[in-house]
Amino acid sequence: MLRTASCSASLTTASHFFRHFPLSYSSLSSSTGALRAPGRNLRRVASPASPGRRVFLRRGLRVPSTAVRRVNRQLSRLYVRAVATQPARSYPDVGQDEAEKLGFEKVSEEFISECKSKATLFKHKKTGCEVMSVSNEDENKVFGIVLRTPPKDSTGIPHILEHSVLCGSRKYPLKEPFVELLKGSLHTFLNAFTYPDRTCYPVASTNTKDFYNLVDVYLDAVFFPKCVDDVHTFQQEGWHYELNDPSEDISYKGVVFNEMKGVYSQPDNILGRIAQQAISPDNTYGVDSGGDPKDIPNLTFEEFKDFHRKYYHPSNARIWFYGDDDPLQRLRILSEYLDMFEASPSRDTSKIEPQKLFSEPIRIVEKYPVGRDGDLKKKNMVCVNWLLSEKPLDLETQLALGFLDHLMLGTPASPLRKILLESGLGEALVSSGMSDELLQPQFSVGMKGVSEDNVQKVEELIMSTLKKLAEEGFESNAVEASMNTIEFSLRENNTGSFPRGLSLMLQSIAKWIYDMDPFEPLKYTEPLKALKARIAEEGSKAVFSPLIEQFILNNSHRVTIEMQPDPEKASQEEAEEKSILEKVKAGMTEEDLAELARATEELRLKQETPDPPEALRCVPSLNLSDIPKEPTYVPTEVGDINGVKVLRHDLFTNDIVYAEVVFDMGSLKHELLPLVPLFCQSLMEMGTKDLSFVQLNQLIGRKTGGISVYPLTSSVRGKDEPCTKIIVRGKSMAGRADDLFNLMNCLLQEVQFTDQQRFKQFVSQSIARMENRLRGSGHGVAAARMDAMLNIAGWMSEQMGGLSYLEFLRTLEKKVGEDWEGISSSLEEIRRSLLAKNGCIVNMTADGKSLTNIEKSLEKFLDLLPESPSGGLVTWDGRLPLRNEAIVIPTQVNYVGKAGNIYSTGYELDGSAYVISKHISNTWLWDRVRVSGGAYGGFCDFDSHSGVFSFLSYRDPNLLKTLDIYDGTGDFLRGLDVDQETLTKAIIGTIGDVDSYQLPDAKGYSSLMRHLLGVTDEERLRKREEILTTSLKDFKDFAEAIDVVRDNGVAVAVASAEDIDAANNARSNFFEVKKAL
């Protein structure tokens, strides 16, 4: 498995709106590998430079339904940018007469130059449903249906319904057509998510036939779901009482119930929920649309059904189409559904009322659960929140506020962020930044890891810094850097693996859902010009200082939230839940208890009984003949400059150059390995002899699209030694390539490791980030731990990003004050052992002309590198001891893993393994761990480079029961009987992962990864042929290989002390226990 830990400078995904997803939830569980493409097993660890941030939606991952709150400000947002496609052509037009025949009227039509698209707004005459039809040359087609779904309480109705409507419908009457689509489509996006006031159902695919299949399943699911007539779906996805035997205790079960238990175990999420509800107490934002575990069991099936009847109606829907498909066909598909309905008042009853602004600030103090270890006095959190306006803001004001957000908080050099972190009053920022995804814009800024004596000081520092910024303004270089960063992002239009059309949809819907103009958010050019002109004419202070004063300093709608650690809170909440359930049982007769046990078994039997073949056949799917027989090849020319290997990829990139410079870690001493992530961050966030880190950061923002530095480790199939590299990655306009390479050289060779206080901040931030990862992504920590026991590359990665790294950081935090000279010397030693021409590889992606033009800049950069690294080659052979391990954290749910190396059995890699592992995730584990077991997710991951096969669960109420399910996988495969249709679906779904949609920079980077790991095009073709010819016999044969996990594998659980104690009592000392939090 490839592992990277990124440290980046300059905000590389900026936007004019700077939006995020406040408290949104998604239907799928977080799978770090269940849907990964073979040979592309990428794991990105949290970035030291970007504490608390992560990309929200990633292709091929089942996205965790956590609160992606303000903590994820800059890098997790998705933006409108100019689409980097070839020159525009004329797009098919839908005339008024054609629209009328299908029951629509054309409301308005515009060509949106920013995204090179013709956008038409239609209205369905019978129901009033509005449709945005966006036509362009993007093959990655997107459909989405969005409904306003304002809850009145925190029972989680919108969230539970979002899960449930995907569990069978009128035309597709099987248990979960959604899962059938996961198994057998070429989707580039397939999910659903719940906001505080709306629910979105988006899909995307590059294959037109597949796309329309997905659209039909989603439309039928939304408007005609089985769940409103099936209490079992409500119980499975929402909540139910579970009783296996009348003599046992009753418990709560349900996918959303356990998902939200996980959410409410994370301090950052708890803070986010309290902030949202406190800042808007009088409208729908004053409750939790995702559901509070204390309130979810109050939801009745009748209320659930009524909510669907009330809001899931075309009159309350906004529908989005985007891409290169026929716009008339879109209306044909929609008319078939919409014509079945009459107009409904739901559009009026679902309107969101604005929160009236407070006349004076308020303060709230709440508790959050923590473990008993450590100095609890230094675990406080404080956040100051503002609701900025009662009425919607005009586009130019929003744009200016977005710039202001970036100026204050967007980079490590931004003054508000820098001053707070350098104050030493807290460990890291929390819930910080601007948000305009809901009806009224908000701004928040806070810190965590604050001592109780410093809470008031943090609040005072926030206010005094904002006042100073209003009085003094921003440096001209900072304004120029922000402007370039944002304009670069707009030109690049790099949404990563997230479909561009979905990014546009989410931008548009943020206005459209409130009955405002859906075109306006897509048209940023004129407001951007106007803002730049104002800054040039009046100066930045005249633009930004009034905004700080009006919307923040002079705004009485301010809510300060202080969160205090409480080591008793988790046990108290468990005791309260236990007491409620005991009272429920005490109020039941023997007959009642027998009936509940029978109902529990009935539900389990239904969950574990597969759909009949005739039901499965109703879900539309592709044929193998629809699948290309060859993989996608990236044009690659391998050359040499000054003795350094250079890979060139001639691709259209809209005049942008993407460059990766790769250095070998083969000479790095073992004891220096855990320092590498902090070394990378120090390169990006310390200054040189002539430039402060602020000046250097601003220079990167002014001249480039961003630079990042990170370590990468991976096993290499067939070799004992791992691939261990440091990658310096950057991008710029082709005309600025000289600046890009000069700045790379400056970072690598001129940065001085002399700033002790900044390094101390890096350590504190890293500790806070790792502790947050333990609570929110425990499955990732468990996977890294198991990998570290099973292979060298896994051990190296865990030393730089797992529990071992957290332990190292805690020791290092004390050492910074005692031996800074030694640490500084070690950082210099890392630099000397890495930087060299020998072993260096350069990867460049751009059009052919640009690639030729930048050669001199690259040659100059390479000439400045030392010839060889200091020190000789080092042999890496570290591993953690093989043992079952339980990592204790304060949590209401668990993360359970088990892994083994199937190559140790003599198994030789065959492409069928990818099909089989995907099938295991989407059938056996989905049904047993998630559907029946109540976990939010259960999946497996096969790392073909190392041979490690891993099972993982996410927000799981169980522990040993889940391990038993993993151990039964071999028998599941041996007993499997699949028909050719099911097998074909599994093959097509796997090809969809292999052929995942990539933008040009990702194509070039993937080619580099294949080069580093020795994966040839011939091997890719062979594996593809093996995938396409996978047979039932392959499944049976694989059972023998996978038994090694059961017989010789290691188990790691990140869980509560109570559940670990219970497991060790049930199986004598099964786990060796480590306390982490």
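Where is the place of F224 in this structure? F224 sits in the loop between α4 (208-223) and α5 (231-237). Those labels come from DSSP runs, with helices being H or I stretches of at least four residues and strands being E stretches of at least two, numbered from the N terminus.

Before going on, a word on the model. What you're looking at is a predicted model, where local features need pLDDT of at least 70 and side-chain atom pairs count only at pLDDT 80 or more, while totals for chains, interfaces and linings use all residues. Residues are numbered from 1 along each chain as its sequence is written, and side-chain values use heavy atoms, with hydrogens and water left out.

Back to F224. Leaving aside residues up to four places away in sequence, F224 touches S169, R170, Y337, M340 and F341; contact here means heavy atoms within 4.5 Å. F224 is also 52 residues from Y172 in sequence, with 9.7 Å between their C-alpha atoms in space.

**Domains**

Now zoom out. The chain is divided into domain 1 (96-315 + 323-333 + 349-353 + 567-617), domain 2 (373-497 + 506-566), domain 3 (640-667 + 687-752 + 836-868), domain 4 (754-833) and domain 5 (885-1075). These bounds come from an automatic or database domain assignment.

How do domain 2 and domain 3 meet, and how many residues of each are in contact? On the domain 2 side there are 16 residues, and they are in contact with 17 residues of domain 3. The centres of domain 2 and domain 3, taken over C-alpha atoms, are 31 Å apart. Between them the two domains bury about 1400 Å², 55% of it on carbon and sulfur atoms. Buried area is the accessible area (1.4 Å probe) that two parts lose on being put together, summed over both.

UniProt, in an unreviewed entry, also places the feature "domain: Peptidase M16C associated" at residues 563-812. Its positions follow the numbering used here, feature names are shortened, and annotations may be inferred rather than shown by experiment. That span is 52% helix and 18% strand, and its end C-alpha atoms lie 27 Å apart.

**Salt bridges**

Side chains of opposite charge can pair when their charged atoms come close. A salt bridge is counted when a side-chain nitrogen of Lys or Arg is within 4 Å of a carboxyl oxygen of Asp or Glu. Searching the whole structure gives 74 salt bridges, and 2 salt bridges cross the interface of domain 2 and domain 3. Here are two examples from the structure:

| Salt bridge | Closest N and O atoms |
|---|---|
| R702 with E480 | 3.3 Å |
| R928 with E608 | 3.7 Å |

R928 forms its salt bridge with E608. R928 lies in helix α31 and E608 in helix α19 (residues 590-608), so this pair ties together parts that are 320 residues apart in sequence.

**Sheets and a hairpin**

Two strands pair if DSSP finds at least two bridges between them. Strands β17 and β18 (residues 442-450) run antiparallel, joined by 6 bridges, and L429 has M447 as its bridge partner in β18.

Another open sheet has 6 strands, in the order β28-β29-β27-β30-β26-β31, again with mixed pairing. Here the edge strands are β28 (937-942) and β31 (1072-1075). Helix α31 (residues 912-932) lies across β28 and β29, running at about 160 degrees to β28.

Finally, β20 and β21 form a hairpin with 2 residues between them, and N642 in the turn has a positive phi of about 55 degrees.

Key:
Axes fitted to C-alpha atoms, helices over the stretch in contact; angles between N-to-C directions.
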